[in-house]
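Visitor: I have a structure on my screen and would like to walk through it with you. Could we take it piece by piece?
Guide: Gladly, let's open it up together.

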Amino acid sequence: MSFYVYIIANRRNGTLYTGHTDNLAARVWQHRTGAFRGFAARYGCRRLVWYEVHDDRDSAFLRERRIKEWKRDWKLKLIEERNPRWEDLYDELTSWTPVARHPDIPSSAHPGGSRGPVR
């Protein structure tokens, strides 16, 4: 099972929300449809602009917490390194099927490594 840390935004350089989940497609869909009231819904954060894959829940949770402590400029740089045009990655996510990970092969050796699919 994979776990994800993600950032959604309402627009380019707009409001950012960082979270983690074990089902990224479903979680982004919840954000897009406003299924839960809260910060992301209040500010219209519906566009998936960045995510990375983790092997376990604890590492995803810790990464989320670290990113939430970052300065805004650091978060913007993280997004723009992977997604300079701030495209919505939801379509990429739903069309990508992860490769099963073998326990003897590190995540970085799999297609997309720990940052998701390679474009």
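Visitor: Does Trp86 count as buried or exposed?
Guide: A quick word first: this is a predicted model. Trp86 lies in the loop between α4 and α5. A residue needs under 20% relative accessible area to count as buried. Trp86 has 1% relative accessibility, so the answer is buried.

Visitor: What is phi of Trp86 near?
Guide: Most residues other than glycine have a negative phi. Trp86 is a residue other than glycine, yet its phi is positive. The value is near 55°.

Visitor: Let's turn to the sheet. What is the order of its strands?
Guide: The sheet is open and has 3 strands, with antiparallel pairing. Its edge strands, β2 (16-21) and β3 (47-54), each pair on one side only. From one strand to the next, the twist averages 20°. The order is β2-β1-β3.

Visitor: How many of the 7 residues of β1 are buried?
Guide: In a regular strand the side chains alternate between the two faces of the sheet. Both faces of β1 are covered, with Phe3, Val5, Ile7 and Ala9 buried on one side and Tyr4, Tyr6 and Ile8 buried on the other. That strand is largely enclosed by the rest of the structure, because the buried count is 7 of the 7.

Visitor: Which residues of α1 are buried, and why do they line one face of the helix?
Guide: The buried residues of α1 are Leu24, Arg27, Val28 and His31. Looking down the axis of α1, these buried residues fall within a limited arc, so they line one face of the helix. The arc is 95°.

Visitor: What do the buried residues of α1 pack against?
Guide: Helix α1 spans residues 24-33, and it packs on the sheet, touching β1, β2 and β3. Its direction makes about 25° with that of β1. The partners of its buried residues are β1, β2, α2 (39-42), β3 and α5 (90-95).

Visitor: Which residue follows α1?
Guide: The residue after this helix has a positive phi, near 70°. Its name is Gly34.

Visitor: Where does Asn13 lie, and is it buried or partly exposed?
Guide: Asn13 belongs to the hairpin of β1 and β2, which has 6 residues between the strands, and takes a positive phi near 55°. Its place is the loop between β1 and β2. At 36% relative accessibility, Asn13 counts as partly exposed.

Visitor: Last one: how far apart in space are Gly44 and Asn10?
Guide: Gly44 lies in the loop between α2 and β3, and at 19% relative accessibility it counts as buried. Leaving out residues up to four places away in sequence, Gly44 touches Ala9 and Asn10. Gly44 and Asn10 are 34 residues apart in sequence, while their C-alpha to C-alpha distance is 5.2 Å.

Definitions and conventions. Residues are numbered from 1 along each chain as its sequence is written. This is a predicted model: local features need pLDDT of at least 70, side-chain atom pairs count only at pLDDT 80 or more; totals for chains, interfaces and linings use all residues. Side-chain values use heavy atoms; hydrogens and water are left out. Two strands pair if DSSP finds at least two bridges between them. Helices (H or I, at least four residues) and strands (E, at least two) are DSSP runs, numbered from the N terminus. Axes are lines fitted to C-alpha atoms, for helices over the stretch in contact, and angles run from 0 to 180 degrees between N-to-C directions. Contact means heavy atoms within 4.5 Å. Buried means under 20% relative accessible area, exposed over 50%, partly exposed in between (1.4 Å probe, protein chains only). The arc is that of the directions from the helix axis to the C-beta atoms.
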